[in-house]
Amino acid sequence: MRPAALFVLATLASIFAVSMVGVAAPAPAPPQPQPAPPTRARRAPRLPASPEAALPASGGGQGARSPASVVALRAPGPPAVLVRAGSFTMGSSEVEIAHAVTLCKLEPGGDLCVDETEASFANELVPHEVYLSDFWIDRTEVTVASYRRCVSAGLCTEPPYASGGQRFDRPEVPVVLVSWSDAQRYCAWAGGRLPTEAEWERAARGAAGRRYPWGHVYNPFHANHGRLSFDELDDGDGFLELAPVGSLVAGRTPDGIDDLAGNVEEWVADYYHPEYPSGSAKDPRGPDMGEERVLRGGSYILGRPWLRGAARGHDLPTSRRAWRGFRCARDA
Ligand SMILES: [Ca+2]
Ligand SMILES: [Ca+2]
């Protein structure tokens, strides 16, 4: 189902991700029965024994540089945005998924994207009508500064920065190296909860189903993204690794929500299932059980197709990644 080229990419990417953090050069990754395509899903099987293995290149230092083309304003705004009740279409059609493959081919390593890549986006099927009640969602990803308050209160777990991720321990950037339970615990402490997958998609795509948080057309300066390449980091947006939350104002949704595409991918509440239930739904909360939890929005190591508002990632809830954080939601 998947081409050898993609397997080679996934294998080399694994080797690269580990070698970048300065640990002993690993033996080539053993062949896997079902090598994953170049999506977030490919990272799920290689859970690190320690957080170092989840850390990307250390060359970023503070992870940012600011070319003149990037306006790094962190304009103050409300901590949360109210999304009014209504219906929207969740998920993607076959045509939209084919377009995602086209987007993949535009990446630097796009020659490795073939039509079979379509399989990796098939988890967005099928489009279905969802009605959501009013809800609040955080305007930004949860920052290190905010998360630290919960740690100080004795209710949240300190992220394992000491294991090689000290450069991510900066107050203005999103907290990373957090498990799904860490995220859930923080949101409860803050008086909320993780957004449902449907709420997250509604926030990112709006009621009319735009492709990206800012609109329908990809713009590399509107999100802190990465790329499909052996080097997954891309500082063309001004940031090699984490950006302070709300840095890319042009990528804000019309509702005023920041970084729903890129920077850190975000845990949401739902268990992951590779296909949506058919039929319409009201305030869906996902499957009753599962092994993995859903991730949304792409990150600073992923390229354009994975930054779409409909794109879905997934991983074990105990996993911790240097490109993964969360934001909270609340009932209205
Ligand atoms: Ca970037
Ligand atoms: Ca994000």
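Helix H6 (residues 197–205) is mostly covered, since 9 of its 9 residues are buried, a residue being called buried if 20 or more other C-beta atoms, placed from the backbone, lie within 10 Å of its own, exposed if 12 or fewer do, and partly exposed in between. Helices (H or I, at least four residues) and strands (E, at least two) are DSSP runs numbered from the N terminus. The model is predicted, and local features need pLDDT of at least 70, side-chain atom pairs count only at pLDDT 80 or more, and totals for chains, interfaces and linings use all residues. Residues are numbered from 1 along each chain as its sequence is written, while chains are lettered from A and ligands numbered from 1 in the order in which they are written.

Among the buried residues of H6 are Trp200 and Arg202, and the helix is followed by Gly206, whose phi is positive, near 75 degrees.

An open sheet of 4 strands has the order E8-E7-E5-E9 with mixed pairing, where two strands pair if DSSP finds at least two bridges between them. Strand E8 (312–315) and strand E9 (324–326) stand at the edges with a single partner strand each, so one side of each lacks a neighbour in the sheet. Strand E5 (residues 265–271) pairs with E9 in the parallel sense over 3 bridges, and Glu265 stands opposite Arg324 in E9. H6 packs on this sheet, touching E5 and strand E7 (293–296), with contact meaning C-beta atoms, placed from the backbone, within 7 Å. The direction of H6 makes about 140 degrees with that of E5, axes being lines fitted to C-alpha atoms, for helices over the stretch in contact, and angles running from 0 to 180 degrees between N-to-C directions.

Notes
Two residues are in contact if their C-beta atoms, placed from the backbone, lie within 7 Å.
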